[in-house]
Amino acid sequence: MHQFWEIISKADNVPIVIMLVLVCFFTWLSFREALKYDRARAEGKTVKQAVYAEEAGFPERVAVWPHLVRQEFLVAIGVTIFLMLWSIALDAPLEELANPNVTPNPSKAPWYFLGLQELLVYFDPWIAGVMLPNVIVVGLMAIPYIDINPKGSGYYTLRERPLAISIFLFGFLFLWVLMVCIGTFARGPGWLWFWPWQHWDVHRVVAETNIDFSDKFFGVDSASPMGFWIGLAAVALWFPAVMFPPLLLPSFRRSEFFQRLGIVRYLVFSSLLATMLATPVKMILRIFLHVKYIWVTEWFNV
Amino acid sequence: MDVDALKKEVTTSQLWRSVMRHDLEDNPRTRVLKVMSNLFMHLHPVRIPRFGLYLKHTWCMGGITFFLFLVLTVTGTLLMFYYHPVKEAAYADIKYLEFDVPFGMLLRNMHRWAAHAMVISVWLHMYRVFMTGSYKPPREFNWVVGVLLLTLTMLLSFTGYLLTDDQLGFWAVTVGTNMARATPLLGHEGPFGDKLGMTPYNDIRFAMLGGSQVAGNALLRAYIWHCIALPLIVAVFISIHFWRVRKDGGISAPQ
Ligand code: HEM
């Protein structure tokens with residue numbers, strides 16, 4: 001426990017603690033505002049009446065001088081004071097001179113990349129370090145072109161866009177922020193899992209026998225040709241398995257959601273979603289069933 | 001002495017009027033002029049939707065991100081006066097900053113904490129834009145510009161990490177850039193990399209580091225990306241971002 005406090009208060013980890021507090025606060029704020037809005041709408045108010053009802057009757061537009069300029073000025077002063085105090089209280093870390101021959105254990109990337117480093121436990125580097133970051137960036141950029149629900153533009157609501165919000169919150173809070181925290185606070189020497197009350201013992205060894213997907217479920221050697229085809233099938237079927245079932249339902253095809261989206265958008269959306277969901281699925285397979293690779297090939301493993 | 005007469009004398013002089021285009025009395029006309037006739041102020045429109053003022057709507061995170069970028073530019077420029085991007089000097093320069101340069105430690109701290117804070121504020125800004133649904137038409141493209149800014153912000157922070165040339169930065173960047181080895185086709189350990197003749201001496205990681213290891217060339221490359229190339233690119237995209245906020249009708253609000 002003593003050591004956990006040391007890790008939390010390490011100068012470079014303090015920002016993570018600050019971030020966690022802010023993320024919790026703003027999540028609470030968004031939910032509070034959204035629930036307020038949804039309730040007001042349920043009572044039959046119009047969108048405009050429901051948003052910030054308490055300020056109704058104020059002018060729509062305000063003069064930048066003095067209103068906005070004053071706010072910017074105050075915030076700039078506030079941020080400056082905050083940074084000054086932070087910089088007086090806490091020194092930036094500086095370790096020994098760089099030495100390629102002394103590898104620290106654990107070796108960690110900068111904290112904001114630790115979510116990706118954490119995924120290295122579950123995926124090979126070409127997926128965790130190259131494919132996924134690119135998919136994340138492209139996927140984020142695609143959001144406005146996939147989520148074409150016209151409701152909820154410019155105000156908080158949960159009821160008018162439940163799907164978009166749940167997917168985003170799952171990605172942001174669990175796959176990004178939580179992974180950063182795990183990578184920082186729970187991963188010690190050898191990138192092994194350490195609970196806060198456990199000491200980061202450099203000599204700790206965890207016996208873990210991992211087996212591949214085809215060995216586990218079919219008793220087929222994953223390196224054999226048969227194992228190859230089973231792995232390929234599992235990976236190749238994952239995507240249609242997520243993407244197509246809703247399409248088989250006539251009620252879904254007729255739904256307003258699908259009608260608006262169209263087939264192309266739907267396919268882009270569902271393939272991105274399948275990629276995103278593959279991450280927790282692989283984690284579960286790994287943690288609970290000790291499955292290392294789904295698909296083993298001569299050139300790469302998945 | 002007549003203060004009012006003096007004031008009038010000064011404010012009607014040719015010198016004063018060549019700088020200040022309008023009087024400073026507080027009335028609707030000067031409120032407009034204060035924004036219109038000043039280069040920095042005129043980044044703003046004259047009037048904005050009321051929602052732009054609500055902290056619970058903007059969390060002020062875009063503005064804070066921008067302000068932190070400015071703080072980083074100023075503190076970073078000052079740090080550059082004391083820093084040589086060569087292996088022989090870099091680490092010693094940091095020590096020199098910490099122990100000999102007046103307020104050097106404070107300067108270094110401000111730069112580092114502002115950098116971390118900017119990474120956090122840019123994430124939170126994205127979070128708020130999502131939660132208020134502000135990426136919806138007509139603001140789709142500005143969201144895309146934003147995602148580029150998010151990526152660039154993290155790259156800025158990452159390239160800066162190496163510059164102290166200590167164990168922390170060295171290993172963090174080693175771990176980070178080792179990923180590039182596994183790039184499909186372009187990395188020597190990536191799928192099909194060997195089929196394209198990739199080795200540790202010609203693959204994408206080599207191009208990033210200017211070598212097969214994080215060493216002197218990598219330090220210089222990180223320095224140039226960090227101090228020149230990335231800040232310029234970010235400045236261009238921030239300009240586009242702000243310009244688009246205005247062109248898209250200002251801050252989002254319920255219609
Ligand atoms: C260096 C990084 C960035 C800076 C300096 C910046 C700055 C700003 C500022 C000052 C605003 C005005 C409103 C506000 O403060 O919320 C704004 C709005 C906006 N930003 Fe950013 N931003 C950055 C990154 C991003 C990112 C990462 C995204 C999204 C992925 C984004 C998307 C948007 C959108 C869509 C708006 C319009 C919001 C509205 O109309 O309500 N920006 N940005």
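**Backbone, ligand shell and helices**

Modeller: I would begin with B:Trp59, which is placed in the loop between helix 4 (55-58) and helix 5 of chain B, a helix here being a DSSP run of H or I with at least four residues, numbered from the N terminus. This is a predicted model, in which local features need pLDDT of at least 70 and side-chain atom pairs count only at pLDDT 80 or more, while totals for chains, interfaces and linings use all residues. Residues are numbered from 1 along each chain as its sequence is written, chains are lettered from A and ligands numbered from 1 in the order in which they are written, and side-chain values use heavy atoms, with hydrogens and water left out.

Biologist: What is the phi of B:Trp59?

Modeller: B:Trp59 has a positive phi of about 55°, although it is not a glycine. B:Cys60 belongs to the loop between helix 4 and helix 5 of chain B as well, and its phi is positive too, at about 60°. For context, most residues other than glycine have a negative phi, and most peptide bonds are trans.

Biologist: Is B:Trp59 buried or exposed?

Modeller: B:Trp59 is buried, with a relative accessible area of 4%, where buried means under 20%, exposed over 50% and partly exposed in between (1.4 Å probe, protein chains only). B:Cys60 has a relative accessible area of 16%, so it counts as buried.

Biologist: Which peptide bonds in chain A are cis?

Modeller: One joins A:Trp65 and A:Pro66, with omega about 10°, and A:Pro66 lies in helix 4 of chain A. Another cis bond links A:Asn105 to A:Pro106, with omega about 0°, and A:Pro106 is in the loop between helix 4 and helix 5 (114-119) of that chain.

Biologist: Over to the ligand, then: how many residues surround it?

Modeller: The ligand is surrounded by 27 residues, each with a heavy atom within 4 Å of it, and the closest are B:His125, B:Arg128, B:Gly146, B:His241 and B:Ser252. A polar side-chain atom of B:Arg128 is 2.9 Å from a ligand oxygen, and B:Arg139 likewise places a polar side-chain atom 2.9 Å from an oxygen atom of the ligand. On the backbone side, a polar atom of B:Gly62 is 3.4 Å from a ligand oxygen.

Biologist: Which helix gives the most to that shell?

Modeller: Helix 8 of chain B does, with 7 residues. Helix 5 (61-80), helix 7 (104-131), helix 8 (140-162) and helix 11 (216-247) of chain B each supply at least two shell residues.

Biologist: How buried is helix 8 of chain B?

Modeller: Of its 23 residues, 18 are buried, so helix 8 of chain B is largely enclosed by the rest of the structure.

Biologist: And where is B:Ser121 found?

Modeller: B:Ser121 is in helix 7 of chain B and is buried, with a relative accessible area of 3%. Its side chain makes a polar contact with the side chain of B:Thr65 at 3.1 Å; such a contact within protein is a pair of N or O atoms within 3.5 Å, one able to donate a hydrogen and the other to accept it, and residues adjacent in sequence count only if both atoms are side-chain atoms.

Biologist: Back in chain A, what about A:Leu20?

Modeller: A:Leu20 sits in helix 2 (residues 14-42) of chain A and is partly exposed, with a relative accessible area of 29%. The C-alpha atoms of A:Leu20 and A:Leu116, which are 96 residues apart along the chain, are separated by 18 Å.
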